[in-house]
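I opened the notebook to record what I looked up in this model. The entries go chain by chain, then element by element.

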Amino acid sequence: MSGTYLGMPAFPAAARDAVRDATLRANLRHATHTIRDKRAKAVAELDDWARLREAGRQIKDHTLRHLGDHLLRLEETVTAAGGTVHWATDADEANRIVTGLVRATGEREVVKVKSMATQEIGLNEALEAAGIRAYETDLAELIVQLGQDRPSHILVPAIHRNRGEIRDIFAREMERWGRPAPDGLTDSPAELAEAARLHLREKFLRAKVGVSGANFMVAETGTMVVVESEGNGRMCLTLPETLISVVGIEKVVPTWRDLEVFLQTLPRSSTAERMNPYTSMWTGTTDGDGPAAFHLVLLDNGRTDTLADEVGRQALRCIRCSACLNVCPVYERAGGHAYGSVYPGPIGAILSPQLRGTASEIDASLPYASSLCGACYEVCPVAIDIPEVLVHLRERVVQGGEFTRHGAKTTLRPARGHAAERAAMRAAGLVFARPGLLRAGQRLAARTRRIHPRTLPGPGRAWSATRDLPTVPEESFRDWWRRTRGRGAEATGAAGARTEDGEAGA
Amino acid sequence: MRVALFLTCVNDTLYPDTGRAVVKLLTRLGVDVDFPAAQTCCGQAHYNTGYRHQAEPLARHFSDVFGEYDAIVTPSGSCGSMVRELYPRMGERARAEGRGDGLARALAPVVPKTYELTEFLVDVLGVTDVGAYYPHTVTYHPTCHGLRSLGLGDRPARLLAAVGGLDLVELPGARECCGFGGTFAVKNSDVSAAMGTDKVRAAESTGAEVLCAADNSCLMHIGGTMARLRTAMRPVHLAEILASTEKEPWS
């Protein structure tokens with residue numbers, strides 16, 4: 001993924017700053033709560049939501065099971081419609097292909113539709129290194145780009161910014177990128193939108209090359225689909241002479257009938273709208289209308305490896321609606337930047353460590369960036385069991401094991417830094433295997449209860465820094481049971497057959 | 001019907017009152033409940049932290065201890081969900097890893113017989129009025145595993161609504177996680193503490209004297225936060241409210 005994210009600290013450290021930033025927390029809380037309430041209403045309008053969700057899950061799973069066939073069909077139909085298909089194994093290859101295509105046009109600028117795939121591969125940085133300037137045209141992406149910032153939400157990349165901050169960014173930065181902001185710009189939404197419109201209009205009318213992603217690719221006709229709210233995307237897709245679309249291979253759907261399901265579930269899940277304002281579809285090229293040249297770059301970048309994992313592969317169902325971010329209590333407090341990836345929130349916590357591997361500090365920490373509350377699974381329109389995958393990836397981090405990397409089976413070693421935890425888990429396992437040992441431990445804790453420290457050493461310090469510890473009772477339940485019920489009572493029950501460890505027949 | 005109390009290791013060690021309350025409540029309702037003393041831990045902490053293989057012997061031990069009972073009752077939504085949701089998954093994974101279906105077969109009998117306390121009361125015993133009396137203002141926090149994994153629905157609320165003298169007040173943002181999450185509370189302590197603080201503030205806003213939940217792990221986190229914030233509220237397990245009667249009030 002993007003080189004900009006290399007060297008991110010682990011999630012807990014990155015989240016700590018966000019938790020302490022009162023403005024950021026207020027911005028995030030307001031935005032996520034507003035949109036989650038709206039989503040709930042929009043979803044409740046459909047009495048067949050559960051069936052749509054199940055249909056979406058099945059279509060995605062079925063397509064993923066036969067992904068190779070559908071992609072070959074797509075290549076055929078796109079080519080037949082006048083497009084050119086390129087296959088990219090990883091970010092570097094995709095960036096090389098796009099850079100080469102732009103260079104071949106002789107242009108030094110491109111306009112971009114908001115695209116997760118191009119952010120994932122760090123395309124803007126790669127183009128810049130090749131002397132090509134990429135202009136983001138989605139309003140929120142523009143705010144992020146002008147602010148030399150990173151997106152912190154899949155759908156609302158500038159969710160962490162309030163109106164006042166946006167005004168300041170526009171007034172300060174627009175001039176460096178093209179048309180300056182109007183004098184006396186205030187923070188009223190209408191004025192901010194108008195400033196962006198004037199600034200972007202120049203770009204649209206001048207650009208000869210457009211770069212996009214796609215929400216879906218329909219294999220049966222080779223049709224690309226982008227859904228958006230502002231119409232800026234449609235300008236990028238229709239005005240330039242050359243259009244280059246970079247799309248993850250998991251975005252293919254076999255037929256238009258399959259698309260129908262997602263065009264209902266995506267907008268309601270993401271923007272809480274019955275239908276998104278702009279749905280743009282393009283199939284190859286057409287004389288005298290739209291771009292004269294169309295290139296589709298099919299991006300793998302870890303997706304085939306993810307597909308090889310039978311628990312983790314469900315992450316590839318994701319349609320990037322971001323509903324899971326908006327209901328996640330951890331995202332709400334930590335913000336998107338803490339996830340160190342273009343995919344923040346619960347879906348990012350399972351997608352990034354699969355696409356990138358768990359070798360880096362940030363990627364090894366992401367599977368733990370959740371309390372496993374399950375709110376993400378509940379809202380997911382394609383029923384990705386995110387908690388299940390999180391736990392699966394935790395296992396990969398602490399235990400290591402087999403997984404697929406660059407198409408080959410690899411044995412991953414357990415991550416460093418978990419040795420103490422592994423030992424503690426093993427010790428707990430030993431105690432729990434012997435009820436007598438558990439009881440001895442409980443009795444020791446009860447006898448020493450008056451001298452227990454109020455704060456804990458080691459990793460436990462994190463607990464006692466903000467919460468009081470419970471006091472150990474004088475008597476465990478099992479001792480109370482034994483004292484009041486006696487051994488006779490035990491022996492008459494079915495448990496009579498069961499004996500406590502080391503005390504058989506006593 | 002032979003009914004076993006699966007108390008959980010946390011309750012056994014730190015919250016024996018909850019266990020005594022369950023015994024008192026079930027006995028009052030005519031259930032002869034047994035406590036198989038060989039029980040230890042369901043393995044949830046191991047499983048959820050990424051130590052599935054270490055959780056397997058604990059799951060086998062659970063099935064050995066509880067296999068012969070007709071019903072297994074637990075006053076913990078999260079440990080109940082470990083048995084009901086995750087034990088079958090563990091069996092499946094072992095099979096997928098080529099280790100045969102021994103684990104799946106061992107675990108299969110206990111899975112459908114395991115009930116969270118409110119499920120057992122409402123679904124198995126068919127009662128919502130358990131004859132309890134608890135003259136306090138109470139707000140209820142539905143814990144995540146009880147709410148989403150087990151789908152307890154309105155069972156706890158119906159039980160609480162039938163308690164004499166109890167004034168049930170709605171908790172704003174009730175469905176939001178309190179931030180405990182097992183090892184999450186330590187691994188991501190800043191976010192966890194922020195979530196806990198918000199939960200306590202929401203509970204305070206109701207003016208209730210008692211915050212009730214059906215999971216002592218969550219109550220440990222919420223209660224620990226309340227103590228640190230010097231909140232006047234008390235965390236109380238649902239079982240202790242249901243065990244309380246006019247003649248024998250639960251302290």
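How many helices and strands does the secondary structure of chain B come to? I counted 13 helices and eight strands in chain B. I kept in mind that this is a predicted model.

**Entry: chain B overall**

I looked up the radius of gyration next. For chain B it is 18 Å, close to the 18 Å that the globule rule gives for 251 residues, so chain B is as compact as a globular protein of that length. I then took the box along the principal axes. The C-alpha atoms of chain B fill roughly 55 × 45 × 30 Å.

I checked burial. Of the 251 residues in chain B, 63% are buried. I turned to contacts with a separation of 6 or more. In chain B, 81% of them are between residues 24 or more positions apart.

Chain B exposes about 8400 Å². Carbon and sulfur atoms supply 51% of that area. For charges, I found 24 positive and 28 negative in chain B. Their mean positions are 4 Å apart.

**Entry: the open sheet of chain B**

I traced an open sheet of four strands in chain B, and its order is S2-S1-S3-S4. The pairing is parallel. Which strands stand at the edges? I found strand S2 (33-34) and strand S4 (114-116) of chain B there. Each has a single partner strand, so one side of each is left without a neighbour in the sheet.

I also followed one pair inside this order. Strand S1 (residues 3-5) and strand S3 (residues 71-74) of chain B run parallel and are joined by three bridges. I picked out one partner: Ala4(B) is bridged to Ile72(B) in S3(B).

**Entry: Pro156(B)**

I looked for Pro156(B) and found the residue in helix H9 (residues 155-161) of chain B. Is Pro156(B) buried or exposed? I read a relative accessible area of 1%, so Pro156(B) is buried, the cut-off being under 20%.

I listed what Pro156(B) touches, leaving out residues up to four places away in sequence. The list holds Thr118(B), Tyr140(B) and Leu238(B). I also took a C-alpha to C-alpha distance. Pro156(B) and Leu121(B) are 9.7 Å apart in space and 35 residues apart in sequence.

**Entry: two positive phi values**

I looked up Arg230(B). Its phi is near 55°, a positive value in a residue other than glycine. Arg230(B) sits in the loop between helix H12 (216-228) and strand S8 (234-237) of chain B. I found Arg230(B) exposed, with a relative accessible area of 77%.

I then looked up Ser322(A). Phi of Ser322(A) is near 75°, again positive in a residue other than glycine. Ser322(A) is in the loop between helix H13 (303-307) and helix H14 (323-327) of chain A. I found Ser322(A) buried, with a relative accessible area of 2%. I set the pair side by side: Arg230(B) is exposed, whereas Ser322(A) is buried.

**Entry: chain A overall**

I counted 23 helices and twelve strands in chain A. Its C-alpha trace spans about 95 × 55 × 45 Å along the principal axes. I checked burial here as well. Of the 506 residues of chain A, 57% count as buried.

I took the contacts of chain A with a separation of 6 or more, and 73% of them are between residues 24 or more positions apart. The accessible surface of chain A comes to about 21600 Å². Carbon and sulfur atoms own 52% of that surface. I found 66 positive and 63 negative charges in chain A, with mean positions 8 Å apart.

**Entry: helix H16 of chain A**

I asked how many residues of helix H16 (residues 345-355) of chain A are buried. The count is eleven of the eleven, so H16(A) is largely enclosed by the rest of the structure. I noted some of the buried residues, among them Pro346(A), Ile350(A), Pro353(A) and Leu355(A). Just after H16(A), I found Gly357(A) with a positive phi of about 90°.

**Entry: a hairpin in chain A**

S11(A) and S12(A) form a hairpin with two residues between them. In the turn, I found His406(A) with a positive phi of about 50°.

Methods: Residues numbered from 1 in each chain as written. Chains lettered and ligands numbered in written order. Predicted model: local features only at pLDDT ≥ 70, side-chain atom pairs only at ≥ 80, totals over all residues. Heavy atoms only, no water. Rg over C-alpha atoms; globule rule 2.2 N^0.38 Å. Buried < 20%, exposed > 50% of the residue type's maximum accessible area, 1.4 Å probe, protein only. Contact = heavy atoms within 4.5 Å. Areas by Shrake-Rupley, 256 points an atom, 1.4 Å probe, with all protein chains shown as cover. Lys, Arg positive; Asp, Glu negative; His and termini not counted. Charge placed at Lys NZ, Arg CZ, Asp CG, Glu CD. Pairing = 2+ DSSP bridges.
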